[in-house]
Amino acid sequence: MKTQVVMAVAFASTLAVANPVAAQDRAGWPDNFTVGTASQGGTYFAYGAGWANFVAENLGISGGAEITGGPMQNMALVHTGDLKFGLTTMGPARESMEGNSPIAPGMKMDNVCAMFPMYETPFSVTALTSSGITSISDIPDGATIGFGPAGSTSDTYFPRMMETLGVNFERRNGSWSDLGTQLQDGLIDVVAFAAGIPIPAVSQLEVQTDVNIIGMTDAEAKKVVDNFPVSEFIIPANTYQSLEKESRVVSMWNFAMANCDVPESLVYEITKLTMENNERMVSIHKAAQFSIPENYTKNKVLPWHKGAARWFNENGYTIEQSNIK
């Protein structure tokens with residue numbers, strides 16, 4: 001399911017950041033574009049909607065965001081061309097490219113190309129303070145855990161991680177906003193979040209009630225890293241009001257992607273705009289502090305779009321021809 005929720009119409013007079021794009025460079029450009037994000041209350045939606053508006057305002061075409069099921073569905077929508085752009089994490093991207101997506105089993109989604117690095121998605125657990133749950137080992141047998149939208153990065157990997165850590169649970173899906181409300185109302189015991197930080201739904205929760213933001217022990221983190229395509233990550237203490245000290249978790253990288261058939265000049269201009277204006281990106285969402293060119297090496301899954309690769313190569317970030325589609 002996807003729902004169009006944001007549409008920004010831009011005019012040439014609003015080109016305040018990017019240099020004007022010559023008319024001859026616009027061959028094949030669409031009249032508008034849409035980026036696949038995820039559910040409301042999550043970082044993908046906030047980041048993607050703001051970024052789409054930023055691009056629209058500066059390139060003189062209309063653009064917006066759509067609510068989707070997250071990375072897996074975005075891979076499918078971008079591969080088929082239903083959406084020109086989308087956001088994905090590296091784990092779901094690899095599974096989709098190899099034909100192992102639960103959305104379309106056997107379909108190798110290989111017409112998807114990387115544009116630029118976004119940020120890391122930490123996997124963390126939130127519970128009400130009143131529950132007494134302060135660690136993963138405290139989660140009671142048979143607890144109801146919210147894992148986000150069906151097919152999302154969290155829903156794809158967090159249940160497996162919990163099983164690896166010996167947690168016995170009942171699974172609940174829904175948007176991050178809905179799951180936050182269910183947690184607050186006592187309808188579920190835990191929410192297992194996987195999203196860029198700070199997660200809007202968590203920030204909202206801790207304003208309304210007392211919550212515990214739960215990390216992993218050294219042993220738990222090592223066990224998960226040994227079994228999944230993630231790396232250790234530290235959530236800084238100043239990310240949330242409820243954190244008294246930094247929290248050890250695991251994370252997975254996110255990249256913006258495009259259908260490989262989108263015109264090279266358009267992807268070049270979008271990549272240039274995004275990579276050369278990090279301060280503006282951070283004003284959209286704090287997680288964008290990691291949306292910098294140096295993190296291009298974190299993509300070890302998707303081929304690069306030729307427009308994006310041209311910008312990176314022109315600016316000293318080498319992408320080999322064999323990795324460009």
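## Nonpolar cores

A nonpolar core is a set of buried Ala, Val, Leu, Ile, Met, Phe, Trp, Tyr and Cys residues joined through side-chain atoms within 4.5 Å. In this predicted model, the largest such core comprises 60 residues. The residues with the most contacts inside this core are Trp51, Phe85, Met115, Phe116, Leu302, Trp304 and Phe312. Helix 1, which covers residues 43-59, supplies the largest share of the core, with 9 residues. A second core is separate and has 27 residues, among them Ala143, Ile145, Val190 and Val250.

Phenylalanine 85 illustrates the contacts made by one of these core residues. Residues up to four places away in sequence being left out, phenylalanine 85 touches Phe33, Thr34, Val35 and Gly36, and also Val78 and Met115.

## Overall fold and surface

The protein chain contains 10 helices and 11 strands. Its radius of gyration is 19 Å, close to the 20 Å that the globule rule gives for 325 residues, so the chain is as compact as a globular protein of that length. The C-alpha trace spans about 65 × 40 × 35 Å along its principal axes. Of the contacts with a separation of 6 or more, 77% are between residues 24 or more positions apart.

Buried residues account for 60% of the 325 residues. The accessible surface of the protein chain is about 13,200 Å², and 46% of this surface belongs to carbon and sulfur atoms.

Helix 2 (residues 71-80) is largely enclosed by the rest of the structure, because 9 of its 10 residues are buried. The buried residues are Pro71, Met72, Gln73, Asn74, Met75, Ala76, Leu77, Val78 and His79. Glycine 81 follows helix 2 and has a positive phi, near 90 degrees.

Serine 101 lies in the loop between helix 3 (90-97) and strand 5 (112-128). This serine has a relative accessibility of 1% and therefore counts as buried.

Isoleucine 197 and proline 198 are joined by a cis peptide bond, with omega about 0 degrees. Proline 198 is placed in the loop between strand 8 (190-194) and helix 6 (200-208).

Valine 202 lies in helix 6. Is valine 202 buried or exposed? Its relative accessible area is 2%, under the 20% limit, so valine 202 is buried. Neighbours within four places in sequence aside, valine 202 is in contact with Thr126, Phe193, Ile213 and Tyr240. Proline 102 is 100 residues apart from valine 202 along the chain, and their C-alpha atoms are separated by 28 Å.

Glutamate 276 is located in the loop between helix 8 (264-275) and helix 9 (278-284). With a relative accessible area of 41%, glutamate 276 is partly exposed. Residues up to four places away in sequence not being counted, glutamate 276 touches Trp311 and Asn315. A distance of 22 Å separates the C-alpha atoms of glutamate 276 and phenylalanine 45, which are 231 residues apart along the chain.

Threonine 318 belongs to the segment after helix 10 (306-314). Threonine 318 has a relative accessible area of 51%, over the 50% limit, and is therefore exposed. Residues up to four places away in sequence not being counted, threonine 318 touches Tyr296 and Asn313. For threonine 318 and tyrosine 296, 22 residues apart in sequence, the C-alpha to C-alpha distance is 9.4 Å.

Key. Residues numbered from 1 in each chain as written. Predicted model: local features only at pLDDT ≥ 70, side-chain atom pairs only at ≥ 80, totals over all residues. Heavy atoms only, no water. Buried < 20%, exposed > 50% of the residue type's maximum accessible area, 1.4 Å probe, protein only. Helix = DSSP H or I, 4+ residues; strand = E, 2+ residues; numbered from the N terminus. Contact = heavy atoms within 4.5 Å. Rg over C-alpha atoms; globule rule 2.2 N^0.38 Å. Areas by Shrake-Rupley, 256 points an atom, 1.4 Å probe, with all protein chains shown as cover.
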